[in-house]
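Reader: I am new to this structure and would like to learn how its features are read. Could you take me through a few of them?

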Amino acid sequence: DYTRLPDLPADVYTAPLQKPEHVGDDWLEPKQTSYTSDDDAIWNDLFARQMDVLPGRAASAFMAGLQKLNLNRGGVPEFGKLSEDLDALTGWTVVPVPMLIPDHVFFWHLANRRFPAGNFIRTRETFDYIQEPDVFHDVFGHVPMLTDPVYADYMQEYGRAGWKAMSYNRLKALGALYWYTVEFGLLQEADGIKAYGAGILSGPTEVVYATEAKSPNRIMLNVDRVMRTDYVISDLQPTYFVIESFEDLYRQTVERDFDRLYRSLPPGFTFANSSVIDLDNVVQRGSLEYTLRGGRG
Ligand code: HBI
Ligand code: FE
């Protein structure tokens, strides 16, 4: 039963976050911020920049989602209307949150088909990169994929899986799955490898690197393998995992016996984020030239 937010077991570690006083235990903003015309212009400029690089590189389900939700109506989308449209398609809504929220609350919203999205937008100074997920990353990057019915079910399953991961204290392992699918996933389409991960699709650089560069490894996704693989934040990835279809991703996740997996999983990660191992089904072995040069440094 996912209707009520359960208490977090006392012995489970999650990063402590300071809850602003105006939000309740669900961490939801009472209402969405009213954005200024400068904010709206930032959204429009970010949108235009992505449209220069996404066609032919983003998954067709993502491009279709942008269209279906008409995310280019000018300025930061209003969550009420956006949720109405998305709800009609797949039963998901988009809800405003002030900042990163605790893992168990984040998972609880996903399990209830609510996507928590940042209630703020980056500034001109942080136009190219911000660490905290803002409304552009969350809405432009994540929400279009939620119009795909199978992907939408995968995200809900992920939320449910989060509860189990917490009870075994294996959130880091499940976090790797989120990282290599929802944030940095690639999809094999008939005419080539396309990006569906929000971390790739919400910025200008990684879209080209992830789909075309010689540097990164591209390996067919195996849920067990990915959950044993370390990940780096704030640089281009040394390795991407490729799915055949969203059905395949959904199936791998619901069919996996996570109780068994967590019981057999050694602590920490087994594989470095640049490793290629014997059992990998390698699509393209990367030169790793970017990573070996030291990345962003
Ligand atoms: N909070 N606002 C927000 N957005 C996220 O993507 C998010 C979060 N809290 C926790 C969390 N993600 C992680 O649990 C996942 O990335 C695995
Ligand atoms: Fe994200």
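Reader: What covers the buried residues of H5?

Author: This is a predicted model, in which local features need pLDDT of at least 70, side-chain atom pairs count only at pLDDT 80 or more, and totals for chains, interfaces and linings use all residues. Residues are numbered from 1 along each chain as its sequence is written, while chains are lettered from A and ligands numbered from 1 in the order in which they are written. A residue is buried if 20 or more other C-beta atoms, placed from the backbone, lie within 10 Å of its own, and helices (H or I, at least four residues) and strands (E, at least two) are DSSP runs, numbered from the N terminus. Eight of the eight residues of helix H5 (residues 135-142) are buried, and their cover includes helix H1 (37-53), strand S1 (93-97), strand S2 (114-118) and helix H8 (198-201), where contact means C-beta atoms within 7 Å.

Reader: At what angle do H6 and H7 pack?

Author: Two packed helices are described by the angle between their axes and the distance between the axes. Axes are lines fitted to C-alpha atoms, for helices over the stretch in contact, and angles run from 0 to 180 degrees between N-to-C directions. Helix H6 (residues 149-167) and H7 pack at about 160°, with their axes 8 Å apart, which means that H6 is roughly antiparallel to H7 (an angle over 145 degrees). On the H6 side the contact is made by Tyr-158, Ala-161, Gly-162, Ala-165 and Met-166, and on the H7 side by Leu-171, Ala-173, Leu-174 and Tyr-178.

Reader: Which residues is Tyr-151 in contact with, leaving aside its neighbours within four places in sequence?

Author: Those residues are Ala-61, Met-145, Leu-146 and Phe-246.

Key: Two residues are in contact if their C-beta atoms, placed from the backbone, lie within 7 Å. Angles under 35 degrees count as roughly parallel, over 145 as roughly antiparallel, 65 to 115 as roughly perpendicular and the rest as oblique. A residue is buried if 20 or more other C-beta atoms lie within 10 Å of its own, exposed if 12 or fewer, and partly exposed in between; C-beta atoms are placed from the backbone.
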